[in-house]
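My entries follow in the order I looked things up.

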Amino acid sequence: MVITGRAPIFLALLCALAALVLAGASVSGASLVARDGKIHACYKAKGKGKGTLRVVRNTKVKCPKRWKKTAWYAAGRPGPQGEQGPQGQSGAMGATGATGAQGAPGRNENVVVNELEDKVTELLTRVKQLEALVPVVGALCTQAGTLTGQVNSVEKALGGLKLNAVLTTLGGVLSIPTLPGALPAFSCPS
């Protein structure tokens with residue numbers, strides 16, 4: 001197979017570059033990669049030694065007569081994102097960790113149960129005291145209903161508001177209090 005055209009030049013360039021990179025050589029002790037991330041070089045385009053490659057520091061360096069500039073990125077462009085790989089196996093069990101600090105002592109369950117029993121007993125005593133008041137409240141409620149009925153009967157018997165007007169006039173002289181109006185019907189709460 002015969003290679004013609006520019007291919008031999010670039011082939012020679014790439015081989016020379018690979019040799020430089022693999023050998024770890026550097027030009028004047030400087031890095032091969034310039035600040036722009038490229039490797040810059042001059043290659044001999046014509047005449048004796050055609051295809052010879054010289055790495056230069058950056059793009060500002062001028063190549064000699066019959067030499068041409070070239071540059072390439074030191075690292076290739078990133079490729080497309082690959083597919084998700086299969087799920088890996090679970091790793092080995094890790095070593096047992098150090099023992100933690102001693103916790104505060106817990107409460108004895110018997111103490112907690114005794115405290116709860118004491119509170120329940122106290123609540124039951126209060127409930128019994130309230131239950132003892134139910135008949136008293138019922139009796140007071142009945143009496144309040146009776147009293148309301150009696151007050152309304154007195155008010156009705158005395159003639160309502162007309163008597164109040166007379167008593168108010170005399171009240172200044174005799175100090176008689178004003179009679180109340182009819183009270184609303186009273187019913188005990190159930």
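**Surface and burial**

I began with the surface. The protein exposes about 16000 Å², and carbon and sulfur atoms supply 60% of that area. Next I asked what share of the residues is buried. Of the 190 residues in the protein, 15% are buried.

**Confidence**

This is a predicted model, so I checked the scores before going further. The mean pLDDT of the protein is 78. A score of at least 70 is reached by 72% of the residues. Which element has the lowest mean pLDDT, and which the highest? Helix α3, residues 161-174, is lowest with a mean of 59. Strand β1, residues 38-44, is highest with 91. I keep one caution in mind: where pLDDT is low, the predicted coordinates should not be read in detail.

**Layout**

I listed the secondary structure next. I find three helices and three strands. Along the sequence they run α-β-β-β-α-α. Then I looked at contacts with a separation of 6 or more: 49% of them join residues 24 or more positions apart.

**Disulfide**

I searched for disulfides and found one in the structure. Cys42 is joined to Cys63, with an S to S distance of 1.8 Å. The angle about the S-S bond is -80 degrees, and the link of Cys42 and Cys63 is left-handed. What does the pair tie together? Cys42 lies in strand β1, while Cys63 lies in the loop between β2 (53-56) and β3 (67-73), so the link connects parts that are 21 residues apart in sequence. Are the two cysteines buried or exposed? Both Cys42 and Cys63 are buried. For my own reference, a disulfide is a covalent bond between the sulfur atoms of two cysteines.

**Nonpolar core**

I turned to the largest nonpolar core. How many residues make it up? There are nine in all: Ile9, Leu32, Ile39, Ala41, Tyr43, Ala45, Leu53, Val55 and Trp72. Strands β1 and β2 are the elements that give two or more residues to this core. Its largest share, three residues, comes from β1. As background, nonpolar side chains tend to be buried together in soluble globular proteins.

Which residues does Ile9 contact, leaving aside its neighbours within four places in sequence? They are Tyr43 and Lys50.

Definitions and conventions:
Residues numbered from 1 in each chain as written. Predicted model: local features only at pLDDT ≥ 70, side-chain atom pairs only at ≥ 80, totals over all residues. Heavy atoms only, no water. pLDDT = per-residue confidence, 0-100. Helix = DSSP H or I, 4+ residues; strand = E, 2+ residues; numbered from the N terminus. Buried < 20%, exposed > 50% of the residue type's maximum accessible area, 1.4 Å probe, protein only. Contact = heavy atoms within 4.5 Å. Areas by Shrake-Rupley, 256 points an atom, 1.4 Å probe, with all protein chains shown as cover. Disulfide = S-S within 2.5 Å. Core = buried A, V, L, I, M, F, W, Y, C linked by side-chain atoms within 4.5 Å.
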